[in-house]
There are 2 protein chains.
Amino acid sequence: MTTRALPMRVPAPGLPARVRIHEVGPRDGLQNEKGTVPTEVKAQFIRRLAVAGLTTIEATSFVHPKWVPQLADAEALFPLVGDIADVGDVSLPVLVPNERGLDRALALGARSIAVFGSATETFAARNLNRTVDESLAMFAPVVARAKAEKASVRGYLSMCFGDPWEGAVPVAQVVRVAKALMDLGCDELSLGDTIGVATPGHVTALLTALNEAGVATPAMGVHFHDTYGQALSNTLAALRHGVSTVDASAGGLGGCPYAESATGNLATEDLVWMLDGLGIETGVDLDELTATSVWLAGHLGRPSPSRTVRALTPSTSSPSHKE
Amino acid sequence: MTTRALPMRVPAPGLPARVRIHEVGPRDGLQNEKGTVPTEVKAQFIRRLAVAGLTTIEATSFVHPKWVPQLADAEALFPLVGDIADVGDVSLPVLVPNERGLDRALALGARSIAVFGSATETFAARNLNRTVDESLAMFAPVVARAKAEKASVRGYLSMCFGDPWEGAVPVAQVVRVAKALMDLGCDELSLGDTIGVATPGHVTALLTALNEAGVATPAMGVHFHDTYGQALSNTLAALRHGVSTVDASAGGLGGCPYAESATGNLATEDLVWMLDGLGIETGVDLDELTATSVWLAGHLGRPSPSRTVRALTPSTSSPSHKE
C-alpha cells in the first residue's frame with residue numbers, strides 16, 4: 001500500500017459531497033468476460049471489493065444459465081458472500097429477470113434486486129424476447145413482490161442514448177420507459193449508455209427531462225460505457241446535475257470479451273481518481289481497489305483496461321511508462 | 001467514409017461555440033513513439049491531418065537531434081509540408097528550444113513557433129538543464145525575435161498539475177511561470193498536465209487563478225494526458241471555463257513508447273467525438289481523421305490507443321466488440 005500525494009484534492013463547486021459507487025464488476029463485468037472465473041475466486045473478489053470500501057456490490061445474476069453461463073453459479077456463490085451484507089453498510093444486489101429469478105434470489109436471502117429493461121424495442125426484442133411494454137408487464141409482479149418482501153429494487157434501463165440497430169434514441173422515448181419503471185415501484189434507476197455513445201449535453205438533457213417527468217435526481221444512477229472514451233466526462237456532467245449514484249466496474253471489467261485491452265464499463269479506479277481529486281467522498285481506498293483488480297486480472301489472464309490501474313501498477317499490469 | 005448518426009448532437013449551455021484543436025501528433029506524438037517514421041510518411045501524415053480539417057498542426061521540432069532523434073529530419077520535413085500553410089487557414093507551428101532552433105525554423109519559413117517551459121524546477125533541470133528562471137531568460141530573445149519577424153509564439157508549460165519528482169504542483173507556482181511566459185510576449189499558453197494527474201476542480205482552479213493574474217482565457221490552451229483516464233473530463237472542465245484551444249494527438253499518439261496500448265496524449269478522435277456530440281464546431285471530419293490514424297498505426301506497427309479509433313474501426317484496429 002503506497003501513500004500517494006496525487007491526485008491533488010481541489011473541489012469544484014456544485015458537485016455532490018459524496019458519491020455512492022454501484023460496483024458492477026462481479027455481475028456486469030464478469031458476465032461479459034470471456035474467461036470463466038471459479039466460484040471461490042468470485043467470492044474472494046466480492047470480499048476484497050468490500051474491504052476496499054465499496055458499499056454496493058452487484059454480486060451476480062439469477063438469469064437462466066443458458067443465457068449467461070459465466071454466472072451459472074449464482075446459487076453456489078451467493079451463500080459464500082451473503083454474510084457481507086450483515087456486516088456494516090454493504091449491499092449486495094442481484095439481477096433477476098423474472099419471478100422465477102426473484103424466487104431463487106429471495107430464497108437465498110437477497111435483499112436488493114435489480115431488473116433489466118430496455119429503452120428501445122430492438123434491444124428489448126433481442127435481449128428480452130419481448131416488446132418494451134411486455135417487458136414492463138413482466139417486471140410488474142417482480143417489483144411488487146420484491147417490495148412486499150422489503151427488498152430494494154433497481155431498474156436498469158439500457159440503450160438510453162444510442163442503440164446499435166436504431167441509432168440515436170430520442171430522449172422522450174427513454175423518459176417514457178424510465179417513468180414506467182419508477183411507477184412500478186423501483187427505488188432507483190440505472191440509466192445505461194450501453195454502447196458508450198453519449199456526450200455531456202445529451203446526458204444533461206436526459207436527466208433534465210426525467211426531472212420534468214417527475215423522476216427525482218436522487219433516484220437516478222448513471223451507467224456509462226467507455227467505448228468511445230466518453231464515460232468519465234459524461235459522469236462529470238451527471239455529477240453537475242446532482243447525480244450521486246454512479247455505476248462502475250473494478251478494473252474496467254467486462255464489455256468486450258474478445259479484445260485484450262478494449263473496454264466496456266467505466267473503470268471504478270478511473271472514477272475514483274476523479275472523485276478523489278474533486279474531494280468527493282466515496283469511502284473507497286484506491287490502492288486497495290487497484291490491487292484487487294490486478295489480482296483478478298491475473299485470474300482472467302488479461303491486463304486491466306483501466307488507465308488508472310495501469311498507471312498505478314506499471315510493473316504488474318503493463319510495461320513501464322517513461323516520463 | 002461512413003455517415004454516422006451518432007453521437008447525437010445535444011449542445012450544453014455555457015460552452016464555446018467553436019474549439020480550435022491544436023494537433024500535436026506529428027511533433028509531441030511522434031517524438032514519444034518508439035518507432036521512427038520515414039520523413040515522407042510524416043509529410044503525408046501532416047497532409048492527411050489538414051485534409052481531415054485540422055487547422056493547427058504542430059509539424060516538428062528544431063531541438064537538437066541528439067535529444068529527439070525521432071524528429072531529426074525537421075530540416076528535410078518542413079519544406080515538404082510548408083506549402084500547406086499557404087493554402088487556406090492552416091498553421092504549422094514548430095517547437096524551437098533556443099535561438100539556434102529559431103534561426104533554423106525561420107530560415108525554412110516557419111511562421112508559428114513554440115517554446116517549451118516547465119512549471120517545476122526538477123523538470124526544468126532534467127529536461128532543460130536549467131532553472132526555471134534561466135529557461136525563461138533563454139526564451140526571452142527567442143520570443144522577442146520571433147515576434148519581430150511577425151511569427152506567432154506559443155508557450156508550452158509542462159507539469160502544471162503534478163510532477164513525478166515533486167508531486168502536487170502549487171497553483172501559484174504555475175501562475176508565476178505562466179505569467180512570465182506571457183510577459184515575454186507569448187500569444188498563447190499551452191497548460192500541460194504532463195503526467196496526467198489533474199482532475200476537473202484543479203483545472204478550474206488553475207484557469208481561475210490565471211485569470212486573476214491577468215492572463216485572459218482566449219490566451220489559454222490546455223494539454224491533457226490520459227495516463228489516468230482523466231483527459232477528456234478535464235477538457236470538459238476547461239471548456240466550461242471558456243477555453244477554446246485544446247491540444248490533442250491523432251490516434252492518441254505518443255506518451256508511452258514501451259506499452260503497446262498505453263496512452264499519453266488525449267486522442268484527437270476521442271475529443272472530436274465529445275465536441276461533435278456537444279455541437280461544438282471543430283471543422284474536423286472524424287471519419288477522415290480516424291482513417292488517418294489507422295493508416296499511421298500501420299506504419300508504427302501498433303494499434304491506436306484511442307478508444308474512438310478502435311470503436312469506429314473494429315476490423316482494422318482491434319477485434320470486434322460484441323454488444
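Helix α6 of chain B is followed by K150(B), a residue whose phi is positive, near 65°; helices (H or I, at least four residues) and strands (E, at least two) are DSSP runs, numbered from the N terminus. The model is predicted, with local features requiring a pLDDT of at least 70 and side-chain atom pairs counting only at pLDDT 80 or more, whereas totals for chains, interfaces and linings use all residues, and side-chain values use heavy atoms, leaving out hydrogens and water. Residues are numbered from 1 along each chain as its sequence is written, while chains are lettered from A and ligands numbered from 1 in the order in which they are written.

The 17 residues of α6(B), residues 132-148, should span 24 Å at 1.5 Å a residue, and the end C-alpha atoms are 24 Å apart, in agreement with that expectation (the expected span being 1.5 Å times one less than the number of residues). Shortly before the proline P141(B), the helix has a kink of about 30° at F139(B), where the bend is the angle between axes fitted to the seven residues ending at a position and the seven starting there. F139(B) is also among the buried residues of this helix, as are V132(B), S135(B), L136(B), M138(B), V142(B), V143(B) and A146(B) (buried means under 20% relative accessible area, exposed over 50%, and partly exposed in between, with a 1.4 Å probe and protein chains only). The buried residues of α6(B) pack against α4 (99-107), β5 (112-118), α5 (121-128), β6 (152-158) and α7 (171-184) of chain B.

Over all chains, the structure holds 32 salt bridges, defined as a side-chain nitrogen of Lys or Arg within 4 Å of a carboxyl oxygen of Asp or Glu. In one of them, K147(B) pairs with D187(B), with 2.6 Å between the closest N and O atoms; because K147(B) belongs to helix α6 and D187(B) to the loop between α7 and β9, the pair ties together parts of chain B that are 40 residues apart in sequence. K147(B) is partly exposed at 32% relative accessible area, and D187(B) is partly exposed at 37%. In chain A, salt bridges that share partners join R20(A), R154(A), E188(A) and D247(A) into one network.

A salt bridge also links E188(B) with R20(B), at 2.6 Å from N to O; since E188(B) lies in strand β9 (residues 188-193) and R20(B) in strand β1 (residues 20-23), this pair connects parts of chain B that are 168 residues apart in sequence. E188(B) counts as buried, at 11% relative accessibility, whereas R20(B), at 28%, counts as partly exposed.

Chain A has 13 helices and eleven strands, and buried residues make up 62% of its 323 residues. A compact globule of 323 residues would have a radius of gyration near 20 Å, and the 18 Å of chain A agrees with this (taken over C-alpha atoms, the rule being 2.2 Å times the number of residues to the power 0.38).

Chain A averages a pLDDT of 92, with 93% of its residues scoring at least 70, pLDDT being the predictor's confidence in each residue, from 0 to 100. Over residues 257-262 of chain A, however, the pLDDT is below 50, although the stretch has 21 contacts in the model beyond near neighbours in sequence (contact means heavy atoms within 4.5 Å). Where pLDDT is low, the predicted coordinates should not be read in detail.
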